[in-house]
Amino acid sequence: MTTETITAEASGTWKLGDLPVHRLGFGAMRLTGSAAFHLGTPSDRERSLAVLRKAVELGVNHIDTAAFYFSSLRSANELINTALSPYPDDLVIATKVGPYRDYHGEWGTAARPDQLRGHVEENLRQLGRDHLDVVHLRRMRQDSIAEHFGALAELREAGLIRHLAISSVEPRHLAEALEIAPVVSVQNRYAVDRPDPEGDEVLRLCGEHGIAFVPFYAVAGEAGEAGSTTAHDEAVLSVARAHGVSPAQIRIAWTLHQGPHVLAIPGTGNPRHLAENVAAGALRLTDEERARLDEARARRG
């Protein structure tokens with residue numbers, strides 16, 4: 001089986017509330033340019049549109065995006081709308097609210113609870129939707145998320161949002177949100193080269209509650225928004241050699257092996273990398289390989 005014939009179905013499925021998705025999804029951040037946000041050269045528009053259409057052809061039915069994903073010429077939401085509308089019935093689009101960038105691309109003050117409706121409506125407008133499938137509240141260092149999450153819960157009751165989710169949170173924030181409304185997904189930074197006991201606990205709690213855990217920067221690692229890391233641990237490199245795949249594919253496979261409720265959303269603007277990322281959903285690591293990767297991660301702590 002070649003990379004091109006492996007689809008996202010090979011990664012298995014999970015439900016975001018009542019919405020089934022393949023566990024291998026797609027992150028839209030890197031569609032807009034050579035680096036995240038306004039830091040690089042804007043992408044070739046036709047190439048970005050082609051990547052989105054190819055992702056759907058390869059069975060991807062979970063796309064992660066945000067209104068604040070844009071470069072000087074490109075908006076991720078607009079690209080998604082143009083490439084995929086009218087949307088396939090099984091496509092789930094998850095977005096994020098909370099952070100804010102002005103028209104110059106500069107980061108502004110995070111939204112107050114009363115401003116979140118405007119964030120939701122901007123995503124609706126850009127995506128051409130009458131409701132959003134999943135909305136993550138991205139915590140911006142506030143101690144409590146209750147007021148912000150409560151504001152989104154009201155928008156859910158009003159029919160603008162189907163399912164609620166949270167991002168960049170600690171265990172106490174998950175407990176806080178669950179007191180207000182159901183949570184279908186938690187997005188936290190999490191990677192094979194990033195020891196994170198608190199993140200491990202959030203992952204565990206999500207499993208107990210039947211909530212999806214969706215790591216971001218799982219491939220980028222410590223490079224973060226700068227792009228895919230090239231600083232791979234020898235354990236990652238050796239497992240990649242054993243499978244005849246790239247280190248990035250092993251990082252994705254390790255992510256998916258953290259539990260049946262764990263989803264992956266690797267992003268790229270490169271069609272070849274897209275096919276490789278999707279194919280990583282079919283990789284099966286041995287117990288010994290997983291132990292080697294886990295031990296290497298623990299040593300970094």
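Select Val192, Asp193, Asp233, Ala235, Val236, Arg251, Leu293, Ala296, Arg297 and Arg300, and you will see the lining of the largest cavity. This is a predicted model, in which local features need pLDDT of at least 70 and side-chain atom pairs count only at pLDDT 80 or more, while totals for chains, interfaces and linings use all residues. Residues are numbered from 1 along each chain as its sequence is written, and side-chain values use heavy atoms, with hydrogens and water left out.

**Stop 1: the cavity**

On a 1 Å grid over the protein atoms alone, a cavity is a set of points where a 1.4 Å probe fits but cannot get out; a pocket is an open set with protein on both sides within 12 Å along at least five of seven lines, and lining residues have an atom within 4 Å of a point. The largest cavity holds about 50 Å³ of space; a volume is the space filled by probe spheres set on the points, which are joined across faces, edges and corners. Now colour helix H10 (287–300): H10 gives the largest share of this lining, 4 residues. Helices (H or I, at least four residues) and strands (E, at least two) are DSSP runs, numbered from the N terminus. The cavity lining divides into 5 nonpolar, no polar and 5 charged residues. Here Ala, Val, Leu, Ile, Met, Phe, Trp, Tyr, Cys and Pro count as nonpolar, Asp, Glu, Lys and Arg as charged, and the others, Gly among them, as polar.

**Stop 2: two helices**

Next, show helix H7 (residues 234–243) and helix H8 (residues 247–256), which pack at an angle of about 100° with their axes 8 Å apart. That makes H7 roughly perpendicular to H8, a term for angles of 65 to 115 degrees. Axes are lines fitted to C-alpha atoms, for helices over the stretch in contact, and angles run from 0 to 180 degrees between N-to-C directions. Select Val236, Leu237, Val239, Ala240 and His243 in H7, and you will find them meeting Pro247, Ile250 and Arg251 in H8. Contact means heavy atoms within 4.5 Å.

**Stop 3: the second largest pocket**

Move on to Ala67, Tyr100, Arg101, Glu122 and Gln126, which lie nearest the centre of the second largest pocket among its 15 lining residues. Strand S5 (92–97) and helix H3 (116–127) are the elements that give two or more residues to this lining. Of the elements, H3 gives the most, with 5 residues. The space in this pocket is about 320 Å³.

**Stop 4**

Is Leu79 buried or exposed? Leu79 counts as buried, at 0% relative accessibility; buried means under 20% relative accessible area, exposed over 50%, partly exposed in between (1.4 Å probe, protein chains only). Leu79 has its place in helix H2 (residues 76–84).

Then click His163 in strand S7 (residues 161–167). His163 is also buried, with a relative accessible area of 12%.

**Stop 5**

Most residues other than glycine have a negative phi, and most peptide bonds are trans. Zoom in on Ser85 and Pro86, joined by a cis peptide bond with omega of about 0°. Pro86 sits in the loop between H2 and S5.

Finish with Arg141, whose phi is near 70°, a positive value. Arg141 is exposed, with a relative accessible area of 73%.

How values were computed
Angles under 35 degrees count as roughly parallel, over 145 as roughly antiparallel, 65 to 115 as roughly perpendicular and the rest as oblique.
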